[in-house]
Amino acid sequence: MHDSSQPTRTQTFERLTLAVLLLLLILRIGAILATPLELYADEAQYWRWSTSLAWGYYSKPPMIAWVIHLTTSLFGTHEWAVRIAAPLLHTIAAGLIFLTGRAMLDARAGFFAALLYALMPSVVLSSSVLSTDGVLMPFWCGALFLYWRLRSGEGSWVSAALLGAMIGFGMLSKYAMLYFVIGMGLTALIDAPSRRALLSLRSAVTVLVAGLIVAPHFAWNAANGFETVSHTVDNANLGGKLFNPENALSWFGDQLGMFGPVSFFALVVGLFLFRNRSGEEASRERWLLCFILPVLIFILFQAILSRAHANWTATAYPGAALLVALWFSRGRSITLWSSVALNVVLAGVFMAVALLPQATTSSLGLDNAMKRTRGWEASAEQIFAEAERLGATAVLVDEREVWHDLDFYAQDRTIPLISWRRYGGPKSFSEKVPLEGAMTERVLVASLNPDMRPRLRSDFTTFEPVGQVRIDLGVRSNGCPITRVFQLYIGEGYDRQERDQDWETRYIGEAEFRDPPCSAATQKR
């Protein structure tokens, strides 16, 4: 018997999904416009890249720079203009997840999947700053939807071409898109419809389109010493102790924070609760697991082997949101509502904290978490005022993050800003330009690191202290002030020392102008 209520039910969830996602988008854009938090170093770095379009950059593929170039061209070079694409991109990703859930089961499942994604803690945070994960997600989610259409026999040649575009543009966003290709390979091994789709002529169109899109990026890498690829390999940090089982516990805690506590426990429990399913129901769940488990397992292994940042598992969670929604949207929706409710509370807290003035965050003991996004405009203003006053020919800083934030907040500077090279060659994008030529005549060194100052001193014939710049960033929970302290020197007679092992070890244990311990912390002990 035909269920006449089904179209109405589908339309209800479609409209509800659209309304909720639009509401979240408006709130997130409002928060970006209103937040007092300044750009953190990576955002400032991506902005710098965006001022010179290319097919690749020092440590990332080009898409994030292209996005910032578009938004700042439209709205001007403002903090909010650098970030404004983030909530829009995540909203598009959530909409695509809804479409996939609806195609897999029904609009109710798509609604819950979209909410689980849009409200997971990692997406809430990623919607307030622009990151490579945020840029990647629409392409990842679009690829999931299009590949499912091809697997289910509904996709045409256009779907195959669009899938190639999603994979190609995803690779231009972040190399983590490779996990999607691995997932496709696994589906071919365990799922006959996926195997038929991948062995058809349409898959050749997918490969061709993806290849055409990524080819210029890899040509750029080849012409630039494979900078982006080598940095990605360096991130694995395989040069230290290679077995750290204690990291498994921190990995688990990170995943609670990434997906949400209830959502992640529902995912883990569901793996056991629904493992004996059969038929098409089981096939689509196994299909989704091909895009979830490889990411989680690989990053867990990486964490135990060396280290892993929490966001490295981000690509597991679009599929996880779909899987949890499929499991629990019928008959057990209390689990979904509990997860959504907790994530709404967490999202509200995160958004409120980002909007609080410093006086309030100080009273709540939250200043330490905010310090990387505070005080950079004041730092830039004071440092370059000192450079002008002292007749400096360049400003030299000794930390990558400092260079990037000063670079953004001192855009109108007339004095060059240089990042000191501790090692033989550049180890970050900030160090690409060396200190040389006329810049070396009278250098204002703005040093943040007491341990680096003896090494900095070794590069100059004269190295005279000329004061400090101290930036108030709030108060720690133990009552100690948080202060960004730049020790200023005028350096002349620049003569860069050879970066050999003797030079590296000569200054171990030495420091200059280290601030004394905080008496408030001493008293609390």
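Biologist: Which elements each supply at least two residues of the lining of the largest cavity?
Modeller: This is a predicted model, in which local features need pLDDT of at least 70 and side-chain atom pairs pLDDT 80 or more, while totals for chains, interfaces and linings use all residues. Residues are numbered from 1 along each chain as its sequence is written, and side-chain values use heavy atoms, without hydrogens and water. A cavity is a set of points on a 1 Å grid over the protein atoms alone where a 1.4 Å probe fits but cannot get out, and lining residues have an atom within 4 Å of a point. In DSSP runs (helices H or I, at least four residues; strands E, at least two), the elements are α8 (132–151), α11 (192–198) and α12 (201–223).

Biologist: Which element gives the most to that lining?
Modeller: The lining includes Tyr147, Leu150, Ala197, Leu198, Arg202, Ser203 and Thr206. With 3 residues, the leading contributor is α12.

Biologist: How much space lies in the largest cavity?
Modeller: The structure holds 1 cavity of 30 Å³ or more. Its lining has 6 nonpolar, 2 polar and 1 charged residues, where nonpolar is Ala, Val, Leu, Ile, Met, Phe, Trp, Tyr, Cys and Pro, charged is Asp, Glu, Lys and Arg, and polar is the others, Gly among them. Counted as the space filled by probe spheres set on the points, the volume is about 60 Å³.

Biologist: How are α9 and α10 oriented to each other?
Modeller: Leu163, Ile167 and Met171 in α9 meet Leu178, Phe180, Val181 and Met184 in α10 (heavy atoms within 4.5 Å), a contact of 7 nonpolar, no polar and no charged residues. The axes of α9 (157–171) and α10 (178–190) come within 9 Å and cross at roughly 140°, taken between N-to-C directions on a scale from 0 to 180 degrees, with lines fitted to C-alpha atoms over the stretch in contact. Under 35 degrees counts as roughly parallel, over 145 as roughly antiparallel, 65 to 115 as roughly perpendicular and the rest as oblique. The two helices are therefore oblique.

Biologist: How far apart in sequence are the parts that glutamate 401 and arginine 372 tie together?
Modeller: Their side chains meet in a salt bridge at 2.9 Å, N to O; the rule asks for a side-chain nitrogen of Lys or Arg within 4 Å of a carboxyl oxygen of Asp or Glu, and the count comes to 20. Glutamate 401 lies in helix α23 and arginine 372 in the loop between α21 (367–370) and α22 (376–389), so the separation is 29 residues.

Methods:
On a 1 Å grid over the protein atoms alone, a cavity is a set of points where a 1.4 Å probe fits but cannot get out, and a pocket is an open set with protein on both sides within 12 Å along at least five of seven lines; lining residues have an atom within 4 Å of a point.
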